[in-house]
Amino acid sequence: MPPVPADPGPPPGAPGHARPTGHARPTGHGPAAGRPVPVGPAVPADPAAGPAREAGRLGGPLFRDEQPGTAPPGVTETVVLRAISDDTAPTPGPGSPPYPGAPVRPAPPPSHPAAGQPHFVPSSHPGQETPVAAQPDPQPQPRKQRGGRNLQAAIGVGVGLGAVIVASLFVVKALFLFVVMAAVAVGVWELTSRLAERKQIKAPLIPLVVGGIAMVATGYWAGIQWAAASLALTGLAVMVWRMAEPPEDYLRDITAGVFTAFYVPFLATFVAMMLAADDGPQRIVLFLIVTICSDTGAYAVGYKFGRTKLAPTISPGKTREGLAGGIALSMLAGAVLMQLIIDDGSWWQGLILGGCAAVTATLGDLGESMIKRDLGIKDMGTLLPGHGGIMDRLDSLLPTAPVVWLLLAAFVGS
């Protein structure tokens, strides 16, 4: 598009017309830079022609408007036009139009702005950009331990618990029974407390603790029949105790109470019944080691080779490869211990016992994970640093206890 003169003036031959003086002014930028642009002549001031000149002024987005009014006598009136080209990039800063109404072509922001310098992001308003404070480069986060546990505290607590168990088992066998009772009481308290905090479920604590201790004691001294009777009486006590409260949510509360009585103290009663045998301490050692080997093997193999998720919606950290590793290590430990420390035991019996224990330990862990996800918590308590609460350690032991007791009774007698 050729340059356009600011004011063509009167047609040739009209009054007040004068020839151009030949002066020209180069344009600013673009392909037309350096070309002379004809400019208007010096015209004497004519009061009568003033309004006509104002009416004939060119305006719009392509022209720079001058101040209204006529030029003083003897002054040359010129207009500087910008070069018009489609491929000319705008020279102003990013986000600023080169002239009113022109399309905006903001320069792309640098991929790595200088430290401390703001960068710009597109705005919802055409032709504008929003400055954003420069963000510092993300620092590499320190690698956390698996599961967010304090490994040193977990090892220390585990060693301490092992020492207590060994001392109570092989010094005075009945002392281990009180360890089981204490674990049952704390586990019941943790579970009922979390139910009340997260779901407002009021499972009666006192009848559950008293009934749980009664189940463990009767199972040790009188056998499974008396333990089952204690469970039934505990359920009735929960129903009666809850009658002192308003009837709202009565069924929900007693259901949670009966579940707690079965899940914690009744399953723990099978540990007490294993202890009651003549080789009770050896049976407890076998039970504990095969369960621990299941957890340890699953952790080690899953951490190193785990690829396929076992139950991603329940426990994303568990893998099928880890489950296979836990079963293998538990079977190996069961075969060795059954042959060495259990009277009349055989290695093949240990293989069966270890495999079944690994499966029930995994299911017990998944079951408590479901409870904790329903409650929206990570741990049942904070009593054991690095481990969580008592229930976080009993989750795999409780469902494994009746299976090991039953298999031992079937293989070598009770």
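The structure is a predicted model, in which local features need pLDDT of at least 70 and side-chain atom pairs count only at pLDDT 80 or more, while totals for chains, interfaces and linings use all residues. Residues are numbered from 1 along each chain as its sequence is written, and side-chain values use heavy atoms, with hydrogens and water left out.

**The chain as a whole**

The protein chain holds 11 helices and 6 strands; these are DSSP runs numbered from the N terminus, helices being H or I with at least four residues and strands E with at least two. Of its 414 residues, 33% count as buried, where buried means under 20% relative accessible area, exposed over 50% and partly exposed in between, with a 1.4 Å probe and protein chains only. Contact means heavy atoms within 4.5 Å. Among contacts between residues at least 6 apart in sequence, 64% join residues at least 24 apart.

**Helix pairs**

Two packed helices are described by the angle between their axes and the distance between the axes. Axes here are lines fitted to C-alpha atoms, for helices over the stretch in contact, and angles run from 0 to 180 degrees between N-to-C directions.

| Helix pair | Axes come within | Crossing angle |
|---|---|---|
| α3 (residues 174–199) and α4 (residues 205–221) | 9 Å | roughly 150° |
| α4 and α6 | 8 Å | roughly 25° |

Angles under 35 degrees count as roughly parallel, over 145 as roughly antiparallel, 65 to 115 as roughly perpendicular and the rest as oblique. Helices α3 and α4 are therefore roughly antiparallel. The angle between α4 and α6, roughly 25°, makes that pair roughly parallel. The crossing of α3 and α4 is right-handed, and the crossing of α4 and α6 is right-handed; this word applies if the near helix is turned clockwise from the far one by less than a right angle, and left-handed if anticlockwise.

On the α3 side, the residues that meet α4 include Leu177, Val184 and Thr192, and on the α4 side Leu205, Val209 and Trp221 are among them. By class, this contact has 15 nonpolar, 2 polar and no charged residues. Ala, Val, Leu, Ile, Met, Phe, Trp, Tyr, Cys and Pro count as nonpolar, Asp, Glu, Lys and Arg as charged, and the others, Gly among them, as polar.

Where α4 meets α6, Leu208, Gly212 and Tyr220 are among the α4 residues, and Gly257, Thr260 and Pro265 among those of α6. The contact of α4 with α6 divides into 10 nonpolar, 5 polar and no charged residues.

**Two residues of α3**

Val184 lies in helix α3 and is buried, with a relative accessible area of 4%. Beyond residues up to four places away in sequence, Val184 touches Gly212, Val216, Val264, Pro265 and Ala268. Its C-alpha atom is separated by 7.7 Å from that of Val209, 25 residues apart along the chain.

Thr192 is also in helix α3 and counts as buried at 6% relative accessibility. Leaving aside neighbours within four places in sequence, its contacts are Ile201, Ala203, Leu205, Leu208 and Thr260. The C-alpha atoms of Thr192 and Ala203, 11 residues apart along the chain, are 6.1 Å apart.
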